[in-house]
Amino acid sequence: MWKLTRPDDRHDKLTRDTLLDLQDHQLVRIESVQDDQRQIWVLTERGHREAKQLLEPKGIRVSALRKEKYHPVTGALLAGSYDDHATAVTSTAAELHRAGIGHRLGFQTEIGHRLGNGFVQRADLVMRAPAAGVPVLLLEIDRRTEDAHDLVTKLRRYWQWGRLLAPDADKYTVDLVRSRPDAIEDVGHEKRLWRRIYPPTGREGLVPLAFVFADTTEAKVDNTVQVLKEAGRRYWAPRRYESYYRKAITAKDHSQAVPVVVTTLEQLKEHGANAPV
């Protein structure tokens, strides 16, 4: 929270004093204390209500209220099981913001992307940072609790979502895609669903996707990246241009691919999110 709200501060004293003041006004409370003694703070019911009045009219969705639970016999407040995954997601946003990439209100979590079969693929984090040259970036934060092939499945779903037509597509285009699924590749991105939700990325291809690994080993990350590279090639790799002069054209077509970048939360913390790649 300190890095997300006060990235220029050398220490967290101001953030901590602010939290204590909010606690005095019954707007926040301590959910749990981690092994390294970091405290996890969450909104109280009153604070949640005020946050919704402040943010949601501006189109900023507030996460669900984490209710207090008490022991049925002693009445003592039970320590919450705050998800370590949620902590990693917030830390990723903080490191990006600390590097000057994205405004603190330019991050949203658990954003759904509905596929044609009704399945909703939720992005752990969506960042909008046009000032940093990143109009939109979807982020999947993985603590290596998922199988590598599950991440390939997520990549495939984002690729499929990027190929959906917009609801207001003309009848000719709809009939064309229904009769020949690959015809979507001949339909401009401005006629697709994703362009109704996100702005142009300024680059070839679909909406870019970042995998950020946290709390894992270098060997596991390497193995996962190899699976993503091989099993997910259909979704991220460019293709040759269709042409009568294929041998003369060496450039590759990225227009139907999902741009993918991979890093770790530990690398972001050590080198900064704006470090050379």
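I started at one pair of residues: Val126 stands opposite Leu138 in β5. A reminder to myself is that this is a predicted model.

**Entry 1: β4 and its neighbours**

I looked up how β4 and β5 run, and the pairing is antiparallel, with 4 bridges joining the two strands. They also form a hairpin with 4 residues between the strands, where Gly133 takes a positive phi near 80°.

Next I went to the other side of β4. There β3 and β4 pair in the antiparallel sense too, over 7 bridges. In this pair I found His113 opposite Gln121 of β4.

**Entry 2**

I then wrote down the strand order. The sheet is open and has 5 strands, in the order β3-β4-β5-β6-β9, with mixed pairing. Which strands sit at the edges? They are β3 (107-114) and β9 (260-264), and each of them pairs on one side only. From one strand to the next, I get an average twist of 35°.

For a parallel pair I picked β5 (residues 134-142) and β6 (residues 209-213), which share 5 bridges. I followed Glu140 across to β6 and landed on Phe211, its bridge partner. From my course notes: strands of a sheet pair through backbone hydrogen bonds, either parallel or antiparallel.

**Entry 3: helix α8**

I moved on to α8 (residues 218-231), which lies across β6 and β9 and runs at about 155° to β6. The helix has 14 residues and reaches 20 Å from its first C-alpha to its last, close to the 20 Å expected at 1.5 Å a residue.

Which residues of α8 are buried? I listed Val221, Thr224 and Leu228. They cover an arc of only 65° around the axis, so they are on the same side of α8.

On the face turned away from the buried side, I found the exposed residues Asn223 and Glu230.

**Entry 4: Arg163**

I found Arg163 in the loop between α5 (148-161) and α6 (171-179). Is this arginine buried or exposed? The relative accessible area of Arg163 is 11%, and the cut-off for buried is under 20%, so I wrote down buried.

Then I looked at what surrounds Arg163. Leaving out residues up to four places away in sequence, Arg163 touches Pro181, Asp182, Ile184, Glu185, Arg192, Arg239 and Gln256. With Glu185 there is also a polar contact between the side chains, at 3.3 Å.

**Entry 5: Glu50**

My last stop was Glu50, which has its place in helix α3 (residues 45-55). Its relative accessible area is 38%, which lies between the 20% and 50% cut-offs, so Glu50 counts as partly exposed.

I closed with a distance. How far is Glu50 from Val134 in sequence and in space? I noted 84 residues in sequence and 31 Å in space, C-alpha to C-alpha.

Methods:
Residues numbered from 1 in each chain as written. Predicted model: local features only at pLDDT ≥ 70, side-chain atom pairs only at ≥ 80, totals over all residues. Heavy atoms only, no water. Pairing = 2+ DSSP bridges. Axes fitted to C-alpha atoms, helices over the stretch in contact; angles between N-to-C directions. Contact = heavy atoms within 4.5 Å. Buried < 20%, exposed > 50% of the residue type's maximum accessible area, 1.4 Å probe, protein only. Polar contact = N/O pair within 3.5 Å; in protein donor to acceptor, adjacent residues only side chain to side chain. Expected span 1.5 Å × (residues − 1). Arc of directions from axis to C-beta.
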